[in-house]
Amino acid sequence: VLITGAVACTTPSRKSSDTGTTPSPRMVTPNPHEKLGKPYYIGGIRYEPRHDPDYNTTGIASWYGPKFHGRLTANGEIFDMDRLTVAHKTLPLPSIVRVTNLENGKSVVARLNDRGPYSGDRIIDLSRKTAEVLDTKEKGLARVRVEYLGPADIKDAIVALGEPENYAALKPSKGYEKVR
């Protein structure tokens, strides 16, 4: 599937100062795949993705949107800032997580399909829509709890912009049952 639109194709020439990463070009061909295991470095820090079925952590969330909208995510999906998605440094891609805003109690289940955030002490980046649902968009940052719910099905990968949210896809893969 080739993503087309009115946005000009660009190739970034330098790293984004706020994330430490270079966005992929727009108008790209998605190549969704599972991603786990291979360590990587951002800003001199080593990250080692791993399966962590007990992941349940509190920390700071930020949100990202326009700069990465329409670009490839770390697992080859298309980032659509108007879908319920998130980015995390080490959990398996794709996955399903629950994010709860500890300041207001609002909670949402989202698809984890990207890496990040790489700024400060943040533990998760929220798409614009996820930030809106959690009521964190205007403030920019929020204290949250992130719970790993299980792997996401690759067949539900986001491969085009502007599609309606597939809420049925926001459940862990068939056959996965989290043991608590």
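1. A polar contact is a pair of N or O atoms within 3.5 Å; within protein, one atom must be able to donate a hydrogen and the other to accept it, and residues adjacent in sequence count only if both atoms are side-chain atoms. Such a contact, at 2.8 Å, joins the side chains of Thr73 and Asn75. Thr73 belongs to the loop between strand 3 and strand 4 (85–87). Thr73 is buried because its relative accessibility is 6%; the term buried stands for under 20% relative accessible area, exposed for over 50%, and partly exposed for the range in between (1.4 Å probe, protein chains only). Leaving aside residues up to four places away in sequence, Thr73 touches Ile78, Phe79, Asn113 and Asp114, where contact means heavy atoms within 4.5 Å.

2. On the basis of this note: the model is predicted, local features need pLDDT of at least 70, side-chain atom pairs count only at pLDDT 80 or more, and totals for chains, interfaces and linings use all residues. Residues are numbered from 1 along each chain as its sequence is written, and side-chain values use heavy atoms, with hydrogens and water left out.

3. On the overall fold: the protein chain holds 1 helix and 8 strands, in the order β-β-β-β-β-β-β-α-β from the N terminus. These elements are DSSP runs numbered from the N terminus, with helices (H or I) of at least four residues and strands (E) of at least two. Of the 180 residues in the protein chain, 48% are buried. Among contacts between residues at least 6 apart in sequence, 74% join residues at least 24 apart.

4. On the barrel: 6 strands form a closed barrel in the order 3-7-4-6-5-8, and their pairing is mixed. From one strand to the next, the twist averages 45°; axes are lines fitted to C-alpha atoms, for helices over the stretch in contact, and angles run from 0 to 180 degrees between N-to-C directions. Two strands count as paired if DSSP finds at least two bridges between them. Strand 3 (residues 56–64) and strand 8 (residues 142–151) run antiparallel and are joined by 6 bridges. Within this pairing, Ile60 has Arg143 of strand 8 as its bridge partner.

5. On the nonpolar cores: a nonpolar core is a set of buried Ala, Val, Leu, Ile, Met, Phe, Trp, Tyr and Cys residues joined through side-chain atoms within 4.5 Å. The largest one has 22 residues, and Val86, Val97, Val99, Ile124, Leu126, Val144 and Val146 have the most contacts inside it. At least two residues of this core come from each of strand 5 (95–101), strand 6 (107–114), strand 7 (122–127) and strand 8. Strand 8 supplies the largest share, 4 residues. Another core, of 5 residues, lies apart from this one and includes Tyr64, Phe68, Phe79 and Met81.

6. On Val97: not counting residues up to four places away in sequence, Val97 touches Val86, Leu91, Val108, Val109, Ala110, Leu112, Ile124, Val146, Glu147, Tyr148 and Leu149.

7. On the aromatic residues: the structure has 5 aromatic pairs. Rings of Phe, Tyr and Trp (its six-membered ring) pair if their centres lie within 6.5 Å; planes under 30 degrees apart count as stacked, over 60 as edge-to-face and the rest as tilted. The Tyr64 and Phe68 rings are edge-to-face because their planes stand at 65°, with centres 5.7 Å apart. Tyr64 is buried, at a relative accessible area of 9%, and Phe68 is buried at 13%. Tyr40, Tyr47 and Tyr118 are linked into a cluster by ring pairs.

8. On backbone features to inspect: the peptide bond from Leu93 to Pro94 is cis, with omega near -10°, and Pro94 sits in the loop between strand 4 and strand 5. Gly116 and Pro117 are also joined by a cis peptide bond, with omega about -10°; Pro117 is in the loop between strand 6 and strand 7. Asp135, a residue other than glycine, has a positive phi near 60° and is found in the loop between helix 1 (128–133) and strand 8.

9. On the segment before strand 1 (40–42): Leu36 is found here and is partly exposed, with a relative accessible area of 48%. Leu36 and Thr90 are 54 residues apart along the chain, and their C-alpha atoms are separated by 8.0 Å. Residues up to four places away in sequence aside, Leu36 touches Pro49, Arg50, His51 and Pro92.
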